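I opened this entry to keep track of what I looked up, going from helix packing to a sheet, a chain contact and the confidence scores.

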Amino acid sequence: MTAASSSTIPFAEVLAAAESIVLGKAKPLRLALACLIARGHLLIEDLPGMGKTTLAHTLAKLFGLGFARVQFTSDLLPADILGVSVFDRAQSAFVFHPGPIFTEVLLADEINRATPKTQSALLEAMEERQVSIEGVTRPLPDPFFVIATQNPITHLGTFPLPESQLDRFLMKIELGYPDRAAERRLLAGGDSRQKLALLAPLAEGKERLQRAQREAAAIHVGALLLDYIQALLDFTRQSGAWQTGLSPRAGLSLLAAARAWAYLDGRDFVMPEDIQVVLPAVTGHRLLPANPLERTSSEETARRLIEAVPVP
Amino acid sequence: MTETALSRTSLGGLWVTAALSLAPLALAQPRWIAFLSATLLALYALLWLYRLPLPSRRLVNALALAGSLAIFFEYRTLFGLRAGLALLCLFLPAQLFVTRRRREGLTVILLSWFLILARFIDDQTPTAAALAFFAALVSLATLSRCLAPALELRAHARALALLCAQSAPLFLVLFLFMPRVPGPLWGLPQDARKGVSGLAEEMTPGSLAELALSEAVAFRVRFAQTPPRHALYFRGPVLERFDGRTWRMAPARERPAPPLIASSPDLIDYEITLEPHRQRWLLPLDWPLEIPPDAHMRHDFHVEAKQAVLALRRDRFRSASTPPFVEEATEVLQENLRLPLGSNPRTQALAASWRPLPPAQRVEAALDHFRRGGFVYTLRPPPLGEHSVDEFLFETRRGFCEHFAAAFVVLMRAADVPARVVTGYQGGSHNPIDDTWVVRQADAHAWAEVWIAGAGWRRVDPTALAAPQRLEADLVAALPVGDPVPLFARAGFDWLRTLRFHWWALQNGWNQWVLGYTADRQRQMLARFGLQEGDWRHLVWFLGIGAALALSLLAWTASSRKPRLDPAQRLWRAFLRRLARKGEAPAPWEGPLAFAKRAALRWPEKAAEIERIARLYAGLRYGKLGEEALEALRRAVLGFHP
Amino acid sequence: MPFRLFSETAKRWRAWLLARRPRGHPARIAAREVYILPTGAGVAAALALAAMWVASINYGLALGHALTYFLVAVGVVSLFQTQRSLVDLEIAARPAQPVFAGEPLVFLLSVRELRGRARFALRIRGDGLPPINCALSAWGETTLRLSTPTTHRGWLEMPPLVIETEWPFGFARAWTYVALPVRGLVYPKPAENPPPAPRLPGRETGVARGEEDFAGLSDHRPGEPLPRVAWKASARLEEGLLAKRFAGGESQILWLDWQALPSALDKETRLAWLARWALDAERARLAWGLVLPTIRLAPGSGPEHLAHTLSALALYD
C-alpha cells in the first residue's frame with residue numbers, strides 16, 4: 001500500500017484512459033470506479049444521450065471484464081434477464097440457458113421502464129450475487145457490477161424504483177451536460193464507439209481490480225471517522241428534514257465508498273473529505289425530503305447534511 | 001426560581017436540620033423557651049407524620065408575636081444577645097410552619113446556621129464542634145434535597161462528601177490565612193456574661209460548692225518547673241467586704257508604694273490558657289510578679305485584663321513563691337477589720353478572748369480551734385441561718401472551703417487582725433500525656449490572708465486543717481465517704497484514668513490549635529513562613545492573590561479537562577491560528593485537506609507547504625502516522641509564516 | 001432575578017450568544033459556553049455568612065470562624081460544580097409527528113452524559129416554554145418531550161433551548177443556550193365547517209374508489225369494506241387477506257382544486273378548506289388529487305397520500 005505522501009495513484013491511467021472517451025466526466029467516472037472497487041452497484045440517473053452506456057462499456061473494456069447490456073422495457077420478463085431452463089431432447093433433461101445477468105459488468109438500461117416484478121428480480125440477484133431458479137442456486141461471476149440507468153422519474157410511462165430497492169445501489173450519480181470545452185472536444189473528436197473499440201484493455205485488469213477490492217476493504221478507518229459517520233446518520237434521523245433517516249446499510253455503504261475513494265486517492269486511511277465527497281452519491285437516492293414537493297439535488301441534500309456536523 | 005413547592009422529604013430534612021441546630025442551644029435557654037421550642041418541633045413532626053395540614057400563616061405569625069412579647073418580658077429587651085438567641089430558638093421552629101416553598105426553606109437553613117454558630121458562644125468543645133459540623137452537613141444536604149427531591153439520600157450524601165473533600169483545601173486556606181480581626185467590634189451586651197460557671201465577684205455560703213461538681217475546665221497551665229501541688233494557689237477575686245452573709249470585692253485603690261520583692265525569691269514561669277469566662281480577671285499563681293501588658297494588678301494582687309475574657313486567652317506570667325512585702329494603706333487595713341455590728345456574736349466573743357495575744361499567736365489560736373473542733377469537709381453542708389459563722393463554728397461544724405475561709409476571716413477580724421478572703425483555684429490535675437495541668441471549676445477554692453504587721457500579708461488556708469488531702473491529692477480524697485463526687489473525679493480504674501488523660505490532652509490540643517488560633521497566633525505562624533510584617537493589609541493582598549490563583553487553577557482544570565487535544569491537533573490549531581490572523585479559517589465541517597486546498601488558492605506560493613501540513617495532520621489524526629510524522633508536522637508548522 | 005429587569009438587553013445579549021453557538025447537531029456543551037450568575041438564594045446565603053463572620057469576630061468564636069469558612073469554602077466550590085453540571089452534555093433532537101396548527105408540536109430531545117459524572121436537577125426549557133426537569137446518571141441518556149405550541153402552518157424551527165441548573169445548593173444558576181437545526185412540520189388547521197367539496201362540472205364524484213375495472217389484488221388494509229375482500233384468493237394465503245383493486249375512471253376522483261374555490265377566499269382559508277376536504281376524503285376512503293397554483297399532486301389515497309397532501313398545503317406559499 002502506498003503512503004499518504006506518495007504520488008503513485010492507483011488506476012490513474014485507467015481514469016485517464018476512460019476520460020479520453022467519456023469526455024468531461026472526471027468525477028462521475030471516478031465515483032463509478034470507486035463504486036466498482038467498493039463492490040457496489042451503480043445507478044445513473046440522467047437523460048438519454050449523456051454517455052451512460054459509454055461509461056459502463058469503457059469501464060468493462062478497460063478491466064477486461066465481460067459486458068452485457070439489457071434494454072429494459074415494460075414487457076421484459078425476469079427470465080429474460082436471469083435465464084431459463086429449456087427441455088433439451090437430446091439430453092432429455094432441462095438445460096439452463098443463462099440470461100444476460102451472468103456477466104461481469106451488466107448495463108441495465110432504463111431500469112425504470114421494466115415492471116416492478118422484473119426490477120425486483122434483478123435487484124435481488126444484485127444483492128445476493130447469485131440467481132436461484134427452479135431450486136438451483138447459481139452464483140454470479142466475481143467481480144459482478146451492475147450499472148443501472150434510469151430516466152428521471154418525472155417522465156411518464158415508468159415504474160420508479162421503490163425506496164427499499166434504491167437502497168441496494170451503493171451510489172446514484174448524475175452525469176449532467178458536459179461543459180463547453182468537453183462538448184467541443186466531443187463534437188470535434190470521432191465517434192466514441194470507434195474510440196472504445198480501439199481502447200486497449202489493462203494488462204491483468206481483472207486481477208488488479210480484485211486486488212484493489214481487497215485492499216480497499218482493508219483501509220484504516222479511525223474511531224473518529226466512525227463517530228463522524230454516526231453523527232451524520234444521527235442527524236438524518238433526527239433533524240426532521242427527511243422522511244426517514246439513513247439506514248444502517250447506508251452507513252456501511254458510506255464507509256465502503258469512502259474507503260474506495262481513499263484508495264483511489266492513494267491513501268491508506270479514510271479522511272472526512274472522503275466521506276464528504278462520496279456523500280451526495282451515496283445518500284442522494286436514500287434521503288427523501290420530508291416535503292415531497294421539495295426538489296433538492298443530491299448535492300444540496302448532502303451539503304445540508306455535511307454542514308450540520310462538524311468534522312472530528 | 002423558588003416557585004416550586006417543597007416535597008415532603010425536603011420538609012422532613014428541614015425539620016431534622018432545625019432540630020439538630022436547635023437542640024444544643026435551646027437546652028441552654030430558660031426552661032419555658034426550651035419547652036416551647038421542643039413543643040413546636042414535636043407539633044410539626046406530628047403534622048408531618050400524619051400528613052395533616054399546616055396552620056395558617058396568620059396563626060403562626062400571631063404565635064411568634066406572642067412569643068416575642070414573652071421574651072421581651074423575660075429579658076426586658078429584644079436586642080441583647082440572650083434575648084436574640086431566645087428569639088432565634090422561637091423563630092426557627094415557627095418558620096417551619098410557614099415553610100412551603102424553597103425560598104422559605106432557605107430561611108430555615110440560614111436560621112439554622114446562625115443557631116449552630118450561636119451555640120459556640122457558650123460551648124466550643126470538640127463535642128460541640130462535631131455536633132455542629134454534623135448539623136451543618138445535614139443543612140447542606142437538605143439544601144440540595146430541596147433542589148432535587150427525587151434523588152435518593154445516598155446519592156445526596158455521596159455528592160456532598162465529594163464536595164466537602166473538594167472544598168477542604170479552600171477551607172484550610174481560609175481558616176489559616178484569612179486575617180483574623182481581633183474582636184470585639186462593638187461593646188458586648190452585658191448579658192453575654194451569663195451562663196458561664198466560674199468564680200464570681202461575691203461569695204455566699206454554698207456558692208463554691210456548686211462549682212465543685214462542675215467538670216468544666218477553668219484553665220490549663222504549663223510550667224517551666226512545676227512547683228509542688230500544695231503551692232498551686234491560683235489567685236482570683238479578693239473579697240474584703242462582708243455584710244454578715246455575702247463577701248464582696250472592694251473597689252480598687254492606689255497602693256502607696258510598690259511591693260518589695262524578697263531578695264532571692266523562687267521564681268516560677270508558666271503559661272496559662274484561660275477559658276473564656278466573660279469576666280476581666282486573670283488567674284495567676286500566687287504571688288504574681290510579671291503580668292501581660294494588657295492587664296493590671298490591683299492593690300490586693302488581683303490581676304485584671306482591660307477587657308472581659310471572651311475568647312480563649314493565653315498569657316505568660318512570672319510569680320514568686322514567697323509573698324512580697326508591701327506597705328498597706330490604713331484604709332485598707334481598716335477595711336479588712338470591719339465586721340457588721342451584732343452579727344455572729346459567739347464568734348466575736350471567742351475571738352475577743354484572744355486579743356491580748358500577739359497577732360501571730362491569735363492566728364495560731366484560730367487554727368487550733370479548727371484543728372480540734374471536729375470539723376468535717378463536705379460538699380453538702382447543712383443550711384445556715386442568720387449568724388452563719390456562729391452556726392458553722394459552734395453547731396454544724398460541716399462545711400466547704402468557703403465556710404472555713406469565711407469563718408477564719410471573721411475570727412481574725414474579731415481578734416483585731418486584718419484579714420480577707422481570697423477566691424481562686426487550688427491544685428489541678430496533671431496530665432502526663434502532654435505535661436499540662438488542667439484546672440477545673442471543681443478546683444475552685446477560697447482561703448484567707450492575714451496581715452501581720454512587719455511581715456505583710458500571709459496566706460492561711462483553714463480548709464487544710466480539716467481536710468489536708470484537699471491540698472495534696474484532690475477533692476475526692478478530701479471528701480467523706482458518701483458525698484456526691486464529680487463524675488470525672490471518681491476514683492476509676494487505671495485505664496479509665498489513662499483514657500481521661502488522653503481526652504484532656506485532646507482538649508488541650510483543641511484549645512491550642514483550633515480555639516486558640518487567634519490573630520496573635522496567626523501572626524506568629526505567618527512569621528514562621530517569612531511574613532514578618534504580618535499586617536492584616538498585607539494578608540489581604542496575600543490572600544487575594546492566593547485565592548485568585550487557586551480559583552483560576554480550579555477553573556483551568558475544570559475547562560482544560562474537556563477538549564483533550566492530541567498533540568497533532570494542537571499543532572494543527574496553531575497552524576490555523578496563524579492563518580486565522582490573515583483572515584482564513586476553516587468552517588466547522590471543513591476537513592483539513594479541503595481547507596488546505598482553499599488556503600492554497602489564497603497563498604499560491606505556499607501551496608506545497610500548506611498541503612504538506614494538512615496531509616501530515618490528516619495522517620496523524622485519521623491515519624496511522626507515528627512520532628516521526630508528528631515531529632515533521634511540528635517543524636512544518638513552526639516554520640510556516642503566511 | 002436581577003436580570004429579568006433588563007429583559008430587552010437580556011434578549012439581545014442572548015441572541016448574540018446564540019449566534020455564537022455553532023449549530024452542530026448533536027450539540028455538545030463546552031465549558032466556555034456555560035454562563036453562571038448567583039441567584040437570590042446565593043446572595044442571601046452570602047449575606048448570612050458575612051453576618052456570621054462578623055459575629056464570630058465579635059464574640060471571638062474560633063469555631064464560628066471555622067463554621068463560616070467551611071460553609072464559604074463549600075459554597076464557592078459548589079459554584080464550580082454548578083457550572084460543571086452542564087459541561088459535556090450532548091443534546092440531540094428530532095420532531096415527532098407533524099401536527100395541525102394549534103396543536104402542540106412535540107420535539108423529542110435526547111440528552112446524553114459524556115463525562116461519567118451523574119448530573120442532577122437539570123432543567124431544560126424551550127424559549128418561553130415551561131421547563132422540563134431531568135437528571136442523568138453517569139454515561140446515561142434520557143429522552144424528553146418538548147411540547148411547542150403552534151399557531152400557523154409551515155416549518156416550525158425548534159425553539160432555542162435553555163439548559164440550566166442550580167445544583168447543588170441553588171446558590172447560583174448556570175445556563176447555556178443550545179440551538180439545534182431541527183424543525184417540524186405544521187399542517188394548516190383544517191377549517192371547522194367548510195361547504196362540501198365542490199364537484200367539478202360535468203363529472204361525478206364517486207362514493208368510493210372506482211369499481212369498474214378489476215385491476216388486481218393487494219393486501220387487505222384494516223378498515224376496508226368487506227365486500228372488497230377477495231375471499232377465494234385469500235383462502236390460498238397462510239395468513240392475511242387480499243382485497244380486490246379496481247381501476248377507477250377519472251370521474252371517481254375528487255379534485256381538490258385551488259382555482260375552483262370562491263375567489264373571495266384568502267390564502268389561509270383556502271388551505272384550511274383544502275385540508276379539511278383532504279381529511280374528509282381520506283375518512284370516506286375517496287381518492288383525491290390536489291391542484292395548487294404551483295403544484296399538482298397526482299390522485300391517490302391512504303395515509304401516505306394524505307401526509308403528502310397536507311405537507312403540500314403546509315408549505316404552499
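Before reading any packing angle, I noted that axes are lines fitted to C-alpha atoms, for helices over the stretch in contact, and that angles run from 0 to 180 degrees between N-to-C directions. I also kept in mind that this is a predicted model.

Helix pair in chain B. I looked up helix α20 (residues 567-581) and helix α22 (residues 607-621) of chain B, which pack at an angle of about 155° with their axes 9 Å apart. Since angles over 145 degrees count as roughly antiparallel, α20(B) and α22(B) are therefore roughly antiparallel to each other. The crossing of α20(B) with α22(B) is left-handed. On the α20(B) side I found B:A568, B:Q569, B:W572 and B:F575, which meet B:I613, B:Y617, B:L620 and B:R621 of α22(B). Sorted by class, this contact has 6 nonpolar, 1 polar and 1 charged residues.

Sheet in chain C. Next I traced an open sheet of 4 strands in chain C, with the order β1-β3-β5-β8 and antiparallel pairing. β1 (27-28) and β8 (141-148) of chain C stand at the edges, and each has a single partner strand, so one side of each is left without a neighbour in the sheet. I then followed β1(C) to strand β3 (residues 89-95) of chain C, to which 2 bridges join it in antiparallel fashion; C:A27 has C:I91 as its bridge partner in β3(C).

Chains A and C. I found 13 residues of chain A in contact with 18 residues of chain C. Helix α10 (residues 223-238) of chain A gives the largest share of the chain A side, 4 residues, and that side divides into 7 nonpolar, 4 polar and 2 charged residues.

Confidence. For chain B I noted an average pLDDT of 82, with 87% of the residues scoring at least 70. Over residues 189-195 of chain B the pLDDT is below 50, and this stretch has 12 contacts in the model beyond near neighbours in sequence.

Key. Residues numbered from 1 in each chain as written. Chains lettered and ligands numbered in written order. Predicted model: local features only at pLDDT ≥ 70, side-chain atom pairs only at ≥ 80, totals over all residues. Contact = placed C-beta atoms within 7 Å. Nonpolar A, V, L, I, M, F, W, Y, C, P; charged D, E, K, R; others polar. pLDDT = per-residue confidence, 0-100. Pairing = 2+ DSSP bridges. Parallel < 35°, antiparallel > 145°, perpendicular 65-115°, else oblique. Left-handed = near helix turned anticlockwise from the far one by under 90°.
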